Amino acid sequence: IEASGAKSDAFLGVRLDETALTENPADILDEAWLRIYAGRTTIQGGLMRVFWGRMDGLSVLDVLNPRDLSDLTVRSENDRKIAVPMLKITQPLGERASAELVYLPWFEGDRIAASGPWVPAALASGQAALKAAMAGQLYNAYKASAWAAAYAAAYAQTLAAMGFGADASTASAAAAAAADIAAASVDAALQAQAASEADAALANPFASPDTKRLDYGQAGLRLSASLGGVDLGLQYFYGYLTTPAFDMNPASIAAAGGKIPVSWNRYHQVGADMATVLAGFNLRLEAGADLTEDMSGDDPLVYNPAIIWAAGFDRDLFAGINLNMQASGKIRLSYDKITSPLDVEYGSGLTSTRIAALLSRSFAQDRVKLELLGMMGVEDADYMVEPGVVIAFGDAEVALRGRCFGGDAAGDLGQFRDKSYMSLSLKYQF
């Protein structure tokens, strides 16, 4: 629902789907904001999605909204972004420049699947080990209790059968033998009970802090300008990395009641970007630095500072084929200090690079579009390939797509190589 006036605009969007209705009722309210025009200054506040940077995917500077990574069947970058409360003030600076100040009163991180097909492999193995350890402890306790109860009952029965004054050692041996038989008879049931209770206890395996507090506030400033056919941007952001840090130290897990402690890293980001047209190529560039509180690189629960970059272009090639190609990556500083298996970046390389490309071609007066999307993690040699066809019927659109994952199972994409799927969707606009 949208409303516009001479000095204000308002927007209210709702989303109804199974996940929102059953798991995250707050997501039913998708966006809700009010924008006021006060002279040349624009003030906008509410539940919003705000895009920073120049890339239309793989951006390293688009940091204001967290992402929902719990369902990799969601394709749209806008649909993956989670709307959060924020206040944005935009002020023109002359004819070709503007400043944008954004304040977020609290913090929400990326949503990571804790169950289902899209649980990250490292997290899934950690959860499995945690549940197995808890089930083992419960089983041992239950078995000891059952053995003790069976022993006490058998001992009493043996004494009664042998009469007063019977040899105590004989009674004890007979009771121990009977207890072993009794405990063994319920062993499978005890294991099942222990496993079930461990699953229930760790249905929510994370111990997370409450981040919807003012001390988790974030803020950023972005300057944009156009100069000689080149769009430029410069930004600074002080907030939290949306990627969680999981503490897999057994002592920390025990102190948290058997759950995995989760923390969020404060950081500063400085960045710059540009977009221009050169020789028929629509070019986009981003570069910056994420400066965390672990400048020395030896804190296992804090991500190392990193140099970040992204580059991309789109261009019509031949025969009506369009190519949109993008790449992004990071260079970890103090990389040689990542030596502990408990470090949140353990196993990561000096660099992380991802490349994505979309080839598309329209037919039948743009009513039919063929697409081929590909993405690759360079260092891990893992990939995702998605062919698709989109057919428009007036205000309706039908899309058939298939997504295949492959490559190194240790990679971000390769870890889902047994989760390939096909999808059929219908969209109707009215």
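Isoleucine 36 stands opposite isoleucine 43, the latter in β4, where helices (H or I, at least four residues) and strands (E, at least two) are DSSP runs numbered from the N terminus. The structure is a predicted model, in which local features need pLDDT of at least 70 and side-chain atom pairs count only at pLDDT 80 or more, while totals for chains, interfaces and linings use all residues. Residues are numbered from 1 along each chain as its sequence is written, and side-chain values use heavy atoms, with hydrogens and water left out.

Strands β3 and β4 run antiparallel and are joined by seven bridges, two strands being taken as paired if DSSP finds at least two bridges between them. The hairpin that they form has two residues between the strands, and in this hairpin glycine 39 takes a positive phi near 70°. Strand β3 (residues 29-38) also pairs with strand β2 (residues 8-14), in the antiparallel sense and over seven bridges; here tryptophan 33 in β3 is the bridge partner of phenylalanine 11.

## Salt bridges

A salt bridge is counted when a side-chain nitrogen of Lys or Arg lies within 4 Å of a carboxyl oxygen of Asp or Glu, and by this rule the count comes to 22. One of them joins aspartate 273 to arginine 222, with the closest N and O atoms 2.8 Å apart. Because aspartate 273 lies in strand β12 (residues 266-278) and arginine 222 in strand β8 (residues 218-227), the pair ties together parts that are 51 residues apart in sequence. Aspartate 273 is buried, with a relative accessible area of 5%, and arginine 222, at 5% relative accessibility, also counts as buried; buried means under 20% relative accessible area, exposed over 50%, and partly exposed in between, with a 1.4 Å probe and protein chains only.

Glutamate 345 and arginine 332 form a salt bridge whose closest N and O atoms are 2.8 Å apart. This pair links distant parts of the chain, 13 residues apart, with glutamate 345 in the loop between β15 (321-332) and β16 (351-363) and arginine 332 in strand β15, and both residues are buried. In the salt bridge between aspartate 418 and lysine 419 the closest N and O atoms are 3.0 Å apart; aspartate 418 counts as exposed at 59% relative accessibility, whereas lysine 419 counts as partly exposed at 25%. A network of salt bridges links Asp62, Arg67, Glu77, Arg80 and Lys81.

## Leucine 61

Leucine 61 is found in the loop between β4 (41-48) and α2 (77-80), and at 0% relative accessibility it counts as buried. Its C-alpha atom is separated by 7.9 Å from that of alanine 287, although the two residues are 226 residues apart along the chain. With contact meaning heavy atoms within 4.5 Å, and not counting residues up to four places away in sequence, leucine 61 touches residues including Trp52, Gln235, Asp273, Ala287 and Ile308.

## Nonpolar cores

In soluble globular proteins, nonpolar side chains tend to be buried together. A nonpolar core is defined here as a set of buried Ala, Val, Leu, Ile, Met, Phe, Trp, Tyr and Cys residues joined through side-chain atoms within 4.5 Å. The largest such core has 20 residues, and those with the most contacts inside it are Trp118, Met375, Met384 and Phe405. Strands β11 (260-263) and β17 (368-377) each supply at least two residues of this core.
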